[in-house]
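Please have the sequence and the 3D view open as you read.

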Amino acid sequence: MQSTAATAEGFSSPLFETYTLPTFKFQPRCERIDWRRISALDVDRVAQELDVATLQENIAGVTFCNLNQEVCSRCGQPVDPVLLKVLRLAQLIIEYLLHCQDCLSASVAQLEARLQASLGQQKHG
């Protein structure tokens with residue numbers, strides 16, 4: 001089995017040309033969180049039913065919202081700084097995984113195109 005190595009330049013394998021990873025940079029958090037939308041979600045149902053569509057509908061709003069100025073709706077106090085740190089870390093992880101998903105999708109598309117070209121050459125040559 002051939003192994004594919006991740007390099008600073010991208011992915012390389014003896015079978016394929018080097019695939020260069022797009023540059024990655026974290027985006028600013030400037031969206032306001034839609035508390036009504038979040039409140040209406042039944043997270044347990046989403047998990048139990050593997051409701052990926054609901055996750056996709058909410059991923060941008062959760063990932064790119066700015067929680068720094070949020071306060072508790074009951075007492076008006078700022079949100080616990082440690083909780084904010086966990087949420088911010090989760091946002092960064094999600095954003096990085098979205099980037100990885102985009103890279104993998106682009107890589108698959110390139111490999112599919114190469115496969116089709118190779119199959120076309122074999123058929124005609």
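The side chain of Q27 reaches the backbone oxygen of K25 at 3.2 Å, a polar contact (a pair of N or O atoms within 3.5 Å; within protein, one must be able to donate a hydrogen and the other to accept it, and residues adjacent in sequence count only if both atoms are side-chain atoms). This is a predicted model, where local features need pLDDT of at least 70 and side-chain atom pairs count only at pLDDT 80 or more, while totals for chains, interfaces and linings use all residues. Residues are numbered from 1 along each chain as its sequence is written, and side-chain values use heavy atoms, with hydrogens and water left out.

**Around Q27**
- Q27 sits in the loop between β3 (16–20) and α1 (35–40); helices (H or I, at least four residues) and strands (E, at least two) are DSSP runs, numbered from the N terminus.
- With a relative accessible area of 42%, Q27 is partly exposed, on a scale where buried means under 20%, exposed over 50% and partly exposed in between (1.4 Å probe, protein chains only).
- Leaving aside neighbours within four places in sequence, Q27 is in contact (heavy atoms within 4.5 Å) with F64 and E95.
- Q27 and L92 are 65 residues apart in sequence, yet 9.2 Å apart in space, C-alpha to C-alpha.

- T54 belongs to helix α3 (residues 52–63) and is buried, its relative accessible area being 10%.
- Beyond its neighbours within four places in sequence, T54 is in contact with L41, R45 and V46.
- L97 belongs to helix α4 (residues 81–124) and is exposed, with a relative accessible area of 52%.
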